[in-house]
Amino acid sequence: MGTDTPGIPIGGGIEGLDRTRPHTTRGTYLEVVHSWVVTVDHKKLGILYISYALIFLLVAGVEALLIRIQLSIPHNTFVSAASFNRLFTMHGTTMVFLVGMPILFGFGNYLIPLMIGARDMAFPRLNAFSFWISAFGGILLYYSFIGGVGLSGTGSAPDVAWFAYAPLTEKAFSPGHTVDYWAVSLIASGIGSIGTAINILATVFCMRCKGMTLMRIPLLPWLYAVVSFIVLVAVSPLTAAQAMLMIDRYLGGHFFDTQAGGSAILWAHFFWIFGHPEVYVLVLPAFAFANEIIPVFSRKAIFGYPAMVAASVAIAFISLGVWAHHMFTIGMTSFGNAFFTLSTMLVSIPTGIKTFNWLATIWGGKIRFETPMLFSIAFIFQFVIAGLTGIMLSISAWNWQTHNSYFVVAHFHYVLVGAIVFMIFAALYYWYPKITGRMLDDRLGKWHFWLMVIGFHITFDTMHIPGLLGMPRQIYTYEADRGWGTLNMIVSAGGFIQAIAVLIFVYNMVHSYFRGETAGADPWDAWTLEWSVPSPPPVYNFASDPVVSSRRPLWDLKHPEDQDAPYE
Amino acid sequence: MSTIPLQHVENEPWRLPSRGVVAMASLITAESAIFTIFVAAYLYYLGRDVVGPTPREVLEIPILGTVCLLSSSFFIVLAEHAITHARMKAFTLWWSVTILLGAIFLGDTAREWYKLIVHVHLTISTNLFGTTFYSLVGLHASHVIIGLLMMLVVFAFALTGKVEPAHAERVKVLALYWHFVDAVWVVVFTVVYLIGR
């Protein structure tokens, strides 16, 4: 490649790419630990976020298995009713706040500066602060197991469910400190989330490399910017509501104190004003991963880039106006019912646009069925099914029949596991080589994928049925004559198949870290800037500031005769 | 093969928004959401008290504080203007006037709270009005305090000659926060002292 080669996004062309051999830091254990604790590097913080979330994923997974053991047969006495309440509260709270948000922020932290050609996030120290305060929140929540001695004295984690409806959380009904641990830990991790959201917005809009106009930002940073906006307007209300709860519990306030005229419904409104947009905070990063992975393994540019951006922004705004569909059975006017039914159904338009765009990207592509692509394809199918039950539940009349039943539990686990967890796995397979410099084992990956798909469908397809038969959520046991026994046994069995799949994945992560095939800078023949730097990337990210002229700078670099810019 | 795109890119000036402004705008968005929730709670609980006192009985319109706080926004604009044009003496003057006006507002709130707590015996645990009033007005007052502390830091640097015209953008970001604190007071004032009374 000569010096006169045109359209070179990175100084010096493909030979000019930084191919410095990544050096591993050596030092005593104390020095290594110290370097991780004081780091402000976005890559190290990203790894910290992801590791923190994966540890809690295992913890909350074990809690899910304990729940499933208890429910597998009628009249089971595996755990007590009180422990069961703690288990599902901690499972839900952990999965949303200590797994979902941190892992997504972890990928965002790691990838956004690399994808937009920046040296670091806009505010590296704020970044470190956000991680450590979130981590403090998580540790505080789990400290409640030993520190929150409640009335029973058995050591008490919170037992008020993840939405913690008032007035159950008031001092009169929840004495002791269980709810305090819950509220304070969520305030702490909420501050961390807001800090990270501010950081991501500033990074995406203010740190882009030369040539990366708004319509050339890869879709992952774009979607993270949208997610960050939702975090700002949705997590803040939760923080406000938690502050009110603490005022009630510690200063004798009456916000949710029904004896003094306070309203239990107001808490429900405040919680779901946070709670529903939170679903999109979790699912949009999953979309973002799909937007990066599906084109690379279909060997085509993403179909409908502007439509993808517009649909994401539309989801953000619609998501702010649908919260009361969680509250149809609380009782609303018929106008309220109609409004929230319609606004909820509106969500299916932008999500439908996204689904068709992914399908159109795959259509006619030269598909490579590597593990990340397998997870992505399963994601599309499962997300569509989750969306269909979502439309069913949005109809208020149907919702009255199935509210708080296992049908709802099956629906949202279809989104959370079938879409989000699947895409998190896809992302881990896809970017693990970039982060560690080594490939994850493909054979183990296939085992992981197929066991996961089979286990997932055994569990969550079946779970819809006891819901339709009337099984309510959050019950610790049930009568034998209800006809739910066999179904619950099947659901539990599927849960254990998924657990085996996850164990294979954990083994794969550890094994490949030491023994995996060396990845090189660009193992997937991909197109975004993170693949132009060595794996793992050097501390400084880019040896020279990149300049881009299209959405796929590495494509331009590899195919100087067929540049993207004229087609965008 | 086309050389046009890259040359185009190389030649065009590359301007990005200020990260300080974007970050402060984001923070203000988040804070607005928090205030919205407290305002919603205040409005929802108006007139639902089981026991007195009611706002109409005990609240007086805090004219002095409101005038001071709202006019401080004008003086901080003068300070921003001064530092942009490198007139550091004027900057220090307008900056100190802003701080003074903010402090008077805070003193006015303290006087109001003293009267309510000591003489009227309205505390945060008395009734719904007490709970919502002290949380909403207190939330705003805590923002005033944070703003004042940050402005005092800048003021201390200005007195020791450490603030230079190069810091104009940082000063503007801080001023943005102060404008937000002012704007929120317009809402809180309307809700608590006009609608609620």
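**View 1. Helix H7 of chain B, end to end.** Helix H7 of chain B covers residues 168-195, and its 28 residues reach 39 Å from first C-alpha to last, close to the 40 Å expected at 1.5 Å a residue. That expected span is 1.5 Å times one less than the number of residues in the helix. Everything shown here is a predicted model, in which local features need pLDDT of at least 70 and side-chain atom pairs count only at pLDDT 80 or more, while totals for chains, interfaces and linings use all residues. Residues are numbered from 1 along each chain as its sequence is written, and chains are lettered from A and ligands numbered from 1 in the order in which they are written. Helices (H or I, at least four residues) and strands (E, at least two) are DSSP runs, numbered from the N terminus.

H7(B) has a kink of about 25 degrees centred on Phe189(B); the bend at a residue is the angle between axes fitted to the seven residues ending there and the seven starting there. Among the buried residues of H7(B) are Trp178(B), Phe180(B), Asp182(B) and Trp185(B). "Buried" takes 20 or more other C-beta atoms within 10 Å of a residue's own, "exposed" 12 or fewer, and "partly exposed" is in between, with C-beta atoms placed from the backbone. What do the buried residues of H7(B) pack against? They sit against three helices of chain B: H2 (19-45), H4 (63-84) and H6 (128-159).

**View 2. Where chain A touches chain B.** Chain A puts 42 residues into the contact and chain B 32. Two residues count as in contact if their C-beta atoms, placed from the backbone, lie within 7 Å. On the chain A side, the elements giving two or more residues are helices H5 (178-206), H6 (219-251) and H7 (264-298). H6(A) brings the largest share, ten residues. By type, the chain A side splits into 27 nonpolar, twelve polar and three charged residues. Here Ala, Val, Leu, Ile, Met, Phe, Trp, Tyr, Cys and Pro are nonpolar, Asp, Glu, Lys and Arg are charged, and the others, Gly among them, are polar.

**View 3. Ala41(B), with contacts in both chains.** Ala41(B) belongs to helix H2 of chain B. Is Ala41(B) buried or exposed? It is buried, because 26 other C-beta atoms lie within 10 Å. Setting aside neighbours within four places in sequence, Ala41(B) is in contact with Met244(A), Phe255(A), Leu266(A) and Thr132(B). Ala41(B) and Thr132(B) are 91 residues apart along the chain, yet their C-alpha atoms are separated by 7.0 Å.

**View 4. Chain A and its nonpolar core.** Chain A has 16 helices and zero strands. Its radius of gyration is 24 Å, close to the 24 Å the globule rule gives for 568 residues, so chain A is as compact as a globular protein of that length. The radius is taken over C-alpha atoms, and the rule is 2.2 Å times the number of residues to the power 0.38. Of the 568 residues of chain A, 55% count as buried.

The largest nonpolar core holds 223 residues, and Met423(A) and Ala426(A) touch the most other members. Helix H13 (residues 406-436) of chain A gives the largest share of this core, 23 residues. Such a core is a set of buried Ala, Val, Leu, Ile, Met, Phe, Trp, Tyr and Cys residues joined through C-beta atoms within 7 Å. Not counting residues up to four places away in sequence, Ala426(A) touches Phe289(A), Ile293(A), Pro372(A), Phe375(A), Ser376(A) and Phe379(A).

View 5. Most residues other than glycine have a negative phi, and most peptide bonds are trans. The bond joining Ala166(A) and Pro167(A) is cis, with omega about 0 degrees; Pro167(A) is in the loop between helices H4 (124-147) and H5 of chain A. Ala161(A) lies in the loop between H4 and H5 of chain A, and has a positive phi of about 70 degrees although it is not a glycine. In chain B, the peptide bond from Gly52(B) to Pro53(B) is cis, with omega near -5 degrees. Pro53(B) sits in the loop between H2 and helix H3 (55-58) of chain B.
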